[in-house]
Amino acid sequence: MDEANLADLLGRWASGRGPLYLLLAARLRDLIDDGLLPPGATLPPDRVLAKRLAVARGTVVAAYDLLQQEGRVVRRRGSGTRVASADLPATRATNEVGSNPLLSHILHPPDGVTLLTCAAPDEPPTLLADAFSEAVTLLPHRDLGYHPAGHPALRSAIAAYYTGRGLPTDAAEIIVTTGAQQALTLLTGLLVSPGDTVQTEAPTYPGALEVFRHAAAVVRPGVDAAQRPALIYVTPTASNPTGAIMDTAERRRLAASATAHDVPLIDDEVCAELCFSGDTPPPLASFTHGEQVITIASLSKLVWGGLRLGWIRAAAPLVARLARLRAIHDLGGDVLSQLAAVSVLSRLDAVRRARVEVLRTGHDHLLGQLRAKLPSWEFAPALGGQTIWVRLPRGDADAFAQVALRHGVAIPPGRSFDPLGGHADHLRLHFLFPPAELTAAVDALAAAWNAYDGAHHTASRHTLIV
């Protein structure tokens, strides 16, 4: 694409706040993800685009480098900068449709491919039907149904849940969201400006990285509140992707540091109720009297992703600001689902026990299969959650993922979980399938590993990972 057409697509890209290279990268990212810059499209040379946009060449170089780091573009000396190939198998969608490759495996599931990319329950539990039947009886006779902060019954139920875990909470400190992903989006929109630094663990949940990048933040690995980032994001309990659990001493230190330096700290508890020990560690907010620690969670991993219910626990003034922000977008969530969630929370102990039993069985089966059929792969048993973190003994996961696709298995490479694109020799595997399907998936991975020559591969964009 020539610089004139690209400049038209970029529009008012420089009208935001923050460094120009981040604003340019953010707009290019949107164009790529929306399919307006399709895979393989050639971008103008640094100097040419810089002249057209009336910016320093370094601005364009830095923007291109950031997008290369994310795997959205490929830069080669002598051949310029191109939009990275999606490298996806054929789907039910026609090739003429320009779809976002980050969403492809959700919008158009590949035929004949076992998806190890999406770590979420693929079947609603039977209790959900009972919960909705009960919710119907609770529908109010007179109610507009618009509750930007969430239905009062669910806010009270969530507050009681945290109080029961030893963290006294009032309903005014809860806002209900459409899943934890919306919770992250709302918090980022309120707390992060273009050019701000966000600190995360490495590896971490890639959905959060996408939110921070979309906000044109500078995402850095390593958690140190003394550096005064705009925001810190951690998954201390049953981490996605590692399945690790942060110890109590580190929880206390992290909460105290965020409080001392007045840095907002997001504690992502989406998988917190999936600890194999049966005990749910205390949220980070339990270790401080300050208001800097923010807790987010959802029912998507504990119950079902189709139940789009999440929430934020934070100081009441922040919750009020978030509710005003949410009202701009959608005026609030579905009331019937929120009332069903009240019923689910009332049965939380039984729901947790049943879910953890299934996950522990899948975890043990997967590890047994890997040890038997891929003994050179390195991994540690998970302490909870739905996934394990695997290190390959040679090559890189991006290259191997392409071979695995040809053997009918889609896997998420480690780069997607690292804010700087590291962990190229790692991949994540979930253990949500029944034992027979896990066995078949490992058999396919073993066949792919035998066919893999250990070569490296140019980074490409990946499917949305949850």
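**Reading the model, feature by feature**

Me: What kind of model is this, and how many helices and strands does the chain have?

Reply: This is a predicted model. The chain has 15 helices and 15 strands. Its radius of gyration is 22 Å, close to the 23 Å that the globule rule gives for 466 residues, so the chain is as compact as a globular protein of that length. Along the principal axes, the C-alpha atoms fill a box of roughly 65 × 55 × 45 Å. Of the 466 residues, 53% count as buried.

Me: Let us turn to a sheet. In what order do the three strands of the open sheet lie?

Reply: The general idea is that strands of a sheet pair through backbone hydrogen bonds, either parallel or antiparallel. Here the order is 1-3-2, and the pairing is antiparallel. Strand 1 and strand 2 are the edge strands, each pairing on one side only.

Me: How many bridges join strand 2 to strand 3, and which residue of strand 3 stands opposite V74?

Reply: Strand 2 (residues 73–76) is joined to strand 3 by four bridges. R82 stands opposite V74, and V83 is the bridge partner of V73. On the other pairing, strand 1 (residues 42–43) meets strand 3 in the antiparallel sense over two bridges, with T81 as the bridge partner of L43.

Me: Which residues of strand 3 form its covered face, and which its uncovered one?

Reply: In strand 3 (residues 80–83), T81 and V83 make up the covered face, whereas G80 and R82 make up the uncovered one.

Me: How does a strand look when it is enclosed? Which faces of strand 15 are covered?

Reply: Both faces of strand 15 are covered: H426, R428 and H430 are buried on one side, and L427 and L429 on the other. Five of the five residues of strand 15 (residues 426–430) are buried, so this strand is largely enclosed by the rest of the structure. Strand 15 pairs with strand 13 (residues 387–391) in the antiparallel sense over five bridges. In one of these pairings, R391 has H426 as its bridge partner.

Me: I now wish to read the backbone angles. What should I look for?

Reply: The general idea is that most residues other than glycine have a negative phi, and most peptide bonds are trans.

Me: Where does G78 take its positive phi?

Reply: G78 takes a positive phi near 95 degrees in the hairpin of strand 2 and strand 3, which has three residues between the strands.

Me: What phi does R228 have, and is R228 buried or exposed?

Reply: R228 has a positive phi of about 55 degrees although it is not a glycine. R228 is found in the loop between strand 7 (218–221) and strand 8 (231–234). With 52% relative accessibility, R228 counts as exposed.

Me: Which two residues does the cis peptide bond join?

Reply: The cis peptide bond joins A202 and P203, with omega at about 10 degrees. P203 belongs to the loop between strand 6 (197–200) and helix 9 (206–214).

Me: What is the phi of L331, and where is the place of L331?

Reply: L331, although not a glycine, has a positive phi of about 65 degrees. This residue lies in the loop between helix 11 (316–329) and helix 12 (335–346). At 38% relative accessibility, L331 counts as partly exposed.

Me: Which residues make the nonpolar surface patch?

Reply: L144, Y146 and L331 make a patch of about 380 Å². Y146 sits in the loop between helix 6 (127–137) and helix 7 (152–164), and its relative accessible area of 56% makes it exposed.

Me: Finally, the cysteines. How many disulfides does a search of the whole structure find?

Reply: The search finds zero disulfides. C271 is in no disulfide, and the nearest cysteine sulfur, that of C275, is 9.1 Å away.

Conventions: Residues are numbered from 1 along each chain as its sequence is written. This is a predicted model: local features need pLDDT of at least 70, side-chain atom pairs count only at pLDDT 80 or more; totals for chains, interfaces and linings use all residues. Side-chain values use heavy atoms; hydrogens and water are left out. Buried means under 20% relative accessible area, exposed over 50%, partly exposed in between (1.4 Å probe, protein chains only). Two strands pair if DSSP finds at least two bridges between them. A disulfide is a pair of cysteine sulfur atoms within 2.5 Å. Patches are made of residues with over 30% relative accessible area and no salt bridge: like charges are joined within 9 Å, nonpolar side chains (Val, Leu, Ile, Met, Phe, Trp, Tyr) within 5 Å. Accessible areas come from the Shrake-Rupley method with a 1.4 Å probe; for residues, only the protein chains shown count as cover. A salt bridge is a side-chain nitrogen of Lys or Arg within 4 Å of a carboxyl oxygen of Asp or Glu. The radius of gyration is taken over C-alpha atoms; the globule rule is 2.2 Å times the number of residues to the power 0.38.
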